[in-house]
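Let's go through a protein model together, one question at a time. Have a look at it first, then read on.

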Amino acid sequence: MTATPASSATLDRDEIARFAKLAGEWWDEKGPFRPLHQITPTRLTYLRDRLCAHFGRDPKAPPSLEGLSVLDIGCGGGLVAEPLARLGAEVTGIDPAEETIEAAKTHADGAGLKIAYEATTAETLAEAGRQFDAVLLLEVVEHVPDVPAFLERIAPLIAPGGLMILSTLNRTFKAYALAIVGAEYVLRWVPVGTHQWERFVRPDELKAALSGAGLSLTDTTGMVYDPLGDRWSLSRDTDVNYFATATKAG
């Protein structure tokens, strides 16, 4: 088994261990990852549309992402990697936890999908000189101790002319009330302790960190929850959850 990497400015060993314990529950739609299952359709809409717009593809002409190399950092059990592979993308999914990667591999094999899963870190891939058309950081940066340092170290993973797509939580009192008090303590959507409010990232902070890594922010879009309809949708409201897209010069 691959040894768990030590904690650093860009990696939190306690975070890795906590998610590794839940490795067998990634595909349980009523389990601890229920919120991720609920937001997956909205996430995929944003990802598909941004990727297609950037690379000149028709989002309604499957497989719309055929031939694009996509790296899913912190891929978990493959909730995003699998549908992207179905859209034709050549997906590599990485996670530091061996247990999580094994769960992802097992599920992908059962679905007959070819996804390159690796139990490793983004920094390791960057040091090896690997590059991809697109790099995804979905619900990742709010678990990273030093976001600017992390982005600077992994920016080389993006091929010239490529892009990075992120999703994260805004550091607002509204986000604290909804994402921590509401989701963790009241609704019990996710285990208590899943999020640390001080690590939430404001859009202006993210823009500055991306710029420091040589990337240009081109879009910021919010994602909101409708409790009456029990559904998520894209929005101009970035007070809690939001996406960001950044490009790398060709």
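A salt bridge here is a side-chain nitrogen of Lys or Arg within 4 Å of a carboxyl oxygen of Asp or Glu. This is a predicted model, so local features need pLDDT of at least 70, side-chain atom pairs count only at pLDDT 80 or more, and totals for chains, interfaces and linings use all residues. Residues are numbered from 1 along each chain as its sequence is written, and side-chain values use heavy atoms, with hydrogens and water left out.

Q: How many salt bridges does a search of the whole structure find?
A: Take the cut-off of within 4 Å between a side-chain nitrogen of Lys or Arg and a carboxyl oxygen of Asp or Glu. Searching the whole structure with that rule, the count of salt bridges is twelve.

Q: How many helices and how many strands are there in the protein chain?
A: Helices (H or I, at least four residues) and strands (E, at least two) are DSSP runs, numbered from the N terminus. In the protein chain, the tally is eight helices and eight strands.

Q: What share of the residues of the protein chain count as buried?
A: Buried means under 20% relative accessible area, exposed means over 50%, and partly exposed is in between (1.4 Å probe, protein chains only). The protein chain has 250 residues, and the buried share of them is 51%.

Q: Which residue forms a salt bridge with Arg50?
A: Look for a partner whose closest N and O atoms are 3.0 Å apart. The pair links distant parts of the chain, 169 residues apart, with Arg50 in helix α2 and its partner in strand β6.

Q: How far apart are the closest N and O atoms of Glu127 and Arg153?
A: These two form a salt bridge. Glu127 sits in helix α5 (residues 122–127) and Arg153 in helix α6, 26 residues apart, and the pair links distant parts of the chain. Glu127 is exposed at 63% relative accessibility, and Arg153 is partly exposed at 41%. Their closest N and O atoms are apart by 3.5 Å.

Q: Is the crossing of α6 and α8 left-handed or right-handed?
A: The axes (lines fitted to C-alpha atoms, for helices over the stretch in contact, with angles from 0 to 180 degrees between N-to-C directions) of α6 and helix α8 (residues 203–212) come within 8 Å and cross at roughly 35°. A crossing is left-handed if the near helix is turned anticlockwise from the far one by less than a right angle, and right-handed if clockwise. For α6 passing α8, the crossing is right-handed.

Q: How many nonpolar residues are in the contact of α6 with α8?
A: Contact means heavy atoms within 4.5 Å, and here it is made by Val147, Pro148 and Leu151 of α6 and Leu206, Ala209 and Leu210 of α8. Ala, Val, Leu, Ile, Met, Phe, Trp, Tyr, Cys and Pro count as nonpolar, Asp, Glu, Lys and Arg as charged, and the others, Gly among them, as polar. The contact has no polar and no charged residues, and the number of nonpolar ones is six.

Q: How far apart in space are Gly77 and Trp27, C-alpha to C-alpha?
A: Gly77 lies in the loop between β1 and α3 (81–86) and is buried at 0% relative accessibility. Leaving aside neighbours within four places in sequence, Gly77 is in contact with residues including Trp27 and Tyr117. Gly77 and Trp27 are 50 residues apart in sequence, but their C-alpha distance is 7.1 Å.

Q: Is the peptide bond from Pro62 to Pro63 cis or trans?
A: Pro63 lies in the loop between α2 (34–55) and β1 (69–73). Most peptide bonds are trans. With omega near -5°, the bond from Pro62 to Pro63 is cis.
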